[in-house]
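This briefing sets out selected local features of the structure shown below.

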Amino acid sequence: MRTDEIYRDDIESAAGYISRICSGESLKKIIEELTITPEDFKRPSGGFDSAVAAVDGSNVFILESGAFSIAAIRAASVAFKSGERLFTKTTPLRLPQISKARVSDEYNRLYTECFGEEPENTVDDEPSRAASVFRDTLEYWTVKETMKVLGKGDCLMLDGSLRTSHASHDPVLSDIVRECGNNAIYLISVSKRNSLTWNGYPLDILLDAAASEFGIKAPWYIEVPVNITDQKRHEQWHRGRTYILKMHPSSEIVLKAEVPKYADEEYVDKAISACSNYSVDGRIPGYPYPLMEAHRECCITREITDIIRNDIIGEINRKGSNQKRYNQLFGDLHNEFARY
């Protein structure tokens, strides 16, 4: 088979899969097999007058070599009430060093600084995974600090899910969920991206199509039945019940959200009403703008990355280090390839 034929076959295969995802046949299957009815779609009851706080975190790599990497991490929290901003708080930039020799000590130091004790589990030296664990550590610390200024009836929004991806964070998230319950703070996590599938089909797209089929207008939410999704990863660290929601009638955005397992119907309605009330911003209708503002505050941009890298290089030069050795450690041949 010729190279161009192989390429065309792959294009046709990809397009065919996408077409099947969007077909009426998959919609018919999920409605029939899961017995979904219009009554399964709930409408949030209305406004939310208490404070709403949101937390997000960010990480990027500043320098990378085969043996050693430096990441940058930070987290931010913002709060609003009746549409007015109450506060914005951002952690200092932290620069964990990731290598076989350094990563365990670096992680123990950050975790102990945040939570007052060493983690029961450390991280491996795979850079991407390690950087995410470092970021989550700082993000969870920011969540716990934000909770100190919230009161009964307020809502705390997290980016992501009520599920940890590293064992050391399981007791931290458990504490957050429990403390929110004890202090009558509504807790909800919202995901920008939803990887949940049912029989290989994206669950959010299918449920949105089902809502359209039933003539249901946004805002709406529907609970995802237990054990219907294809994903079962880290179930032992899952602390929430999962919902699919659409918050604005003129938006195509469909979100995944989770609330604690102890939440009753009134709790769910209140938490999702907070999301709905703050999803009418003209910039990104359908997405809670406290979370958007938290993302904007913590995001480590290319400009910030360049500043940090230049500061490190400047300090290296002041210490009289060899530029040749620096280039050997962190030089990227891809940059050279791009010149030709």
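**Salt bridges, helix packing and backbone geometry**

Arginine 109 counts as partly exposed, at 45% relative accessibility; the classes are buried under 20% relative accessible area, exposed over 50% and partly exposed in between, with a 1.4 Å probe and protein chains only. The model is a predicted one, in which local features need pLDDT of at least 70 and side-chain atom pairs count only at pLDDT 80 or more, whereas totals for chains, interfaces and linings use all residues. Residues are numbered from 1 along each chain as its sequence is written, and side-chain values use heavy atoms, with hydrogens and water left out.

**Salt bridges**

- The whole structure contains 21 salt bridges, a salt bridge being a side-chain nitrogen of Lys or Arg within 4 Å of a carboxyl oxygen of Asp or Glu.
- Arginine 109 is paired in this way with glutamate 106, and their closest N and O atoms are 3.2 Å apart.
- Glutamate 106 and arginine 109 lie 3 residues apart in helix H3, and are therefore separated by about one helical turn. Helices (H or I, at least four residues) and strands (E, at least two) are DSSP runs, numbered from the N terminus.
- Glutamate 106 is buried, its relative accessible area being 5%.
- Aspartate 125 and lysine 100 form a salt bridge through their side chains, at 3.3 Å from N to O. This pair links distant parts of the chain, 25 residues apart: aspartate 125 belongs to the loop between helix H3 (103–115) and helix H4 (127–147), and lysine 100 to the loop between strand E4 (97–98) and H3.
- Aspartate 125 is partly exposed, with a relative accessible area of 30%, while lysine 100 counts as exposed at 71% relative accessibility.
- Aspartate 136 forms a salt bridge with arginine 135, with 2.9 Å between the closest N and O atoms. Aspartate 136 is buried, with a relative accessible area of 14%.
- One network, held together by salt bridges that share partners, joins Arg85, Asp281, Arg283, Glu293 and Arg296.

**Helix packing**

- Helix H2 (residues 24–33) and helix H6 (residues 203–213) have axes that come within 10 Å and cross at roughly 85°. Axes are lines fitted to C-alpha atoms, for helices over the stretch in contact, and angles run from 0 to 180 degrees between N-to-C directions.
- H2 and H6 are therefore roughly perpendicular to each other; angles under 35 degrees count as roughly parallel, over 145 as roughly antiparallel, 65 to 115 as roughly perpendicular and the rest as oblique.
- H2 contributes Ser26, Leu27, Ile30 and Ile31 to the contact, and H6 contributes Leu203, Leu206, Leu207, Ala209, Ala210 and Glu213, where contact means heavy atoms within 4.5 Å.
- The residues of the contact of H2 with H6 comprise 8 nonpolar, 1 polar and 1 charged. Ala, Val, Leu, Ile, Met, Phe, Trp, Tyr, Cys and Pro count as nonpolar, Asp, Glu, Lys and Arg as charged, and the others, Gly among them, as polar.

**Backbone geometry**

- A cis peptide bond, with omega near 5°, runs from alanine 218 to proline 219. Proline 219 is placed in the loop between H6 and strand E9 (220–223).
- Serine 82 is not a glycine, yet has a positive phi of about 50°. Serine 82 lies in the loop between strand E2 (69–81) and strand E3 (84–90) and counts as exposed at 58% relative accessibility.
- Alanine 184, a residue other than glycine, also has a positive phi, near 55°. Alanine 184 is found in the loop between helix H5 (170–182) and strand E6 (186–191) and counts as partly exposed at 33% relative accessibility.
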